[in-house]
Amino acid sequence: MQLIDREDHQKLYIQLYEIIKKKIENNEWEVGSQIPTEQELCKMFNVSRATVRTAILELTRLGFLKRQQGKGTFICKKAISEGLTMLTSFRELMFEEGLTFSTNVLARTVIMPVDDLGIKLDIPQDKHIIYIKRLRLVDSEPVLLQETYIPYHICPLLLEEDIEHNSLFEVLEKKYGIKITKVKNYVEVTHLKKDDARLLGLPEDSAALLLTQHFYSGETPIMYTCSVKGSDRFKFLIDLERKAA
Amino acid sequence: MSDSKAVKDLMIGIFEYPHVPYWFSINQAVRIVRASFLSAKKYPEPMAILVFDEKYNLMGTLTLKDILRGLEPRFLKPSAKAQVPEEDESGLAIIWDTLFNKESKELAERAVSEIMIPAKHFVEPNDPVTKAAYLMLRHDLVLLPVLENKKKFVGVIRMIEIFDEISNAIIKE
């Protein structure tokens, strides 16, 4: 049984949340079944009642669990990722059918959390981050410049994956089972720096749209992406669908 | 020292050290040193940063000495020795503002690739420790990258582990 790692920088309730979520996703704890009581969970994982409560609350909020007054807490039929449609890969994000997409990986290396990256990814300043810079092209025209930051410990093997032909999102979810349950999107206007403008084939200081995205698995930040789009030929599309009641 | 001791027995993982790409500035490297070593109260010997290219190939290393050297104002750097007498440094009284001045802040905006020590010498995991010791002494290095099949960077071997190994053999009864 997976246990809480007290040496880990992650908060205890987040670790417990992840452990329980995994049990649900692996069907170790079956849909419809009752989970152990708070007291039993405290004993199982050697944590306080407050830690158990916070983890359960979060799992309930995200639709993994359902509380029934006087009966207990039960596994729900649907997890949140099935209820919320999140269009986050490059193709899904932006474009209509019938266009040819391609990706140039400009950089894939490892850096340290400079500026406020440590805060954004909730990691200590001495932890490593995988940095990926990609130029996205539609019909051979550069349209999007994307910089992605992922804590190294989340997916060390990502450094060896083919992310030129495969969606990073799909690699994380399908190959490594890292379910993305929440994305926070911020859109703002920016001006292109010299190097970015050159890559996008636009004049320096041109107005551009900046989409910053914070990806979470549960409450754990797993990826931070900055996408700059200079061309006005294409639009950002962020499609969110309310979960069925 | 055991004859069979190989580099892989003494090497440490590359994630013991901070990584930066070559385009990071010296200023960023300084902040990384402070965050990774000083604030974290970790003082590895040597305190170094590994510099990589955009394809995650090791390009070089950066020690504290290399960083300070990169921040040293030009007027303090020794000029090429021609037919001039040896400098008398005993009376050299330099105040702090003069030593690392405004020019240093400008110098700190340069890329780390300008001041790193390029990684030219490597060992393989199965190489004998003696080979690592030889390369370090011969080329005045304190850290040596370990490459698998001359390509994949898998670890580093440091002077301190080599010293420990050799000194053990010497003092052993």
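Mentor: Start with a cut-off. A residue counts as buried if 20 or more other C-beta atoms lie within 10 Å of its own, as exposed if 12 or fewer do, and as partly exposed in between. Keep in mind that this is a predicted model.

Now take A:Lys120. This residue has 16 other C-beta atoms within 10 Å, so A:Lys120 is partly exposed. A:Lys120 sits in helix α6 of chain A, which covers residues 117-120. Leave aside residues up to four places away in sequence, and A:Lys120 touches A:His214, A:Pro221 and A:Tyr224. A:Lys120 and A:Val187 are 67 residues apart in sequence, and their C-alpha atoms are 16 Å apart in space.

Step back to the whole of chain A. Chain A holds eight helices and 10 strands. Of its 245 residues, 28% are buried. Look next at contacts in chain A with a separation of 6 or more. Residues 24 or more positions apart account for 60% of them.

Next, the nonpolar cores. In soluble globular proteins, nonpolar side chains tend to be buried together. Here the largest nonpolar core has 46 residues. Those with the most contacts inside this core are B:Val20, B:Ala29, B:Ile49 and B:Ile157. Strand β2 of chain B, residues 48-52, gives the most to this core, with five residues. Take B:Ile49 as a case. Not counting residues up to four places away in sequence, B:Ile49 touches B:Tyr17, B:Pro18, B:Val20, B:Ala29, B:Ile32, B:Val33 and B:Leu62. A second, separate core has 16 residues, including A:Phe45, A:Leu59, A:Phe64 and A:Leu65.

B:Ala29 leads on to a helix pair in chain B. The axes of α2(B) and α3(B), the latter spanning residues 64-71, come within 11 Å and cross at roughly 140°. The crossing is left-handed. From α2(B), the contact uses B:Ile26, B:Ala29, B:Val30 and B:Val33. From α3(B), it uses B:Leu64, B:Ile67, B:Gly70 and B:Leu71. By class, the residues of this contact are seven nonpolar, one polar and no charged.

Another pair in chain B deserves a look. Helix α6(B), residues 129-139, packs with helix α7(B), residues 159-171, at an angle of about 120°. Their axes are 10 Å apart. The two helices are therefore oblique to each other. The crossing of α6(B) and α7(B) is left-handed. On the α6(B) side, the contact residues are B:Val129, B:Ala132, B:Ala133 and B:Met136. They meet B:Met159, B:Ile162, B:Glu165 and B:Ile166 in α7(B). The class count for this contact is seven nonpolar, no polar and one charged.

Last, the contact between the chains. Chain B brings 16 residues and chain A brings 12 residues. On the side of chain B that touches chain A, β1 (19-21) and α2 (26-38) of chain B each supply at least two residues. The largest share of that side, five residues, comes from α2(B). By class, the side of chain B that touches chain A has nine nonpolar, four polar and three charged residues. So follow α2(B) when you turn the model: this helix packs on α3(B), and α2(B) also supplies residues to the side that touches chain A.

Methods:
Residues are numbered from 1 along each chain as its sequence is written. Chains are lettered from A and ligands numbered from 1 in the order in which they are written. This is a predicted model: local features need pLDDT of at least 70, side-chain atom pairs count only at pLDDT 80 or more; totals for chains, interfaces and linings use all residues. Two residues are in contact if their C-beta atoms, placed from the backbone, lie within 7 Å. Helices (H or I, at least four residues) and strands (E, at least two) are DSSP runs, numbered from the N terminus. Ala, Val, Leu, Ile, Met, Phe, Trp, Tyr, Cys and Pro count as nonpolar, Asp, Glu, Lys and Arg as charged, and the others, Gly among them, as polar. Axes are lines fitted to C-alpha atoms, for helices over the stretch in contact, and angles run from 0 to 180 degrees between N-to-C directions. Angles under 35 degrees count as roughly parallel, over 145 as roughly antiparallel, 65 to 115 as roughly perpendicular and the rest as oblique. A crossing is left-handed if the near helix is turned anticlockwise from the far one by less than a right angle, and right-handed if clockwise. A nonpolar core is a set of buried Ala, Val, Leu, Ile, Met, Phe, Trp, Tyr and Cys residues joined through C-beta atoms within 7 Å.
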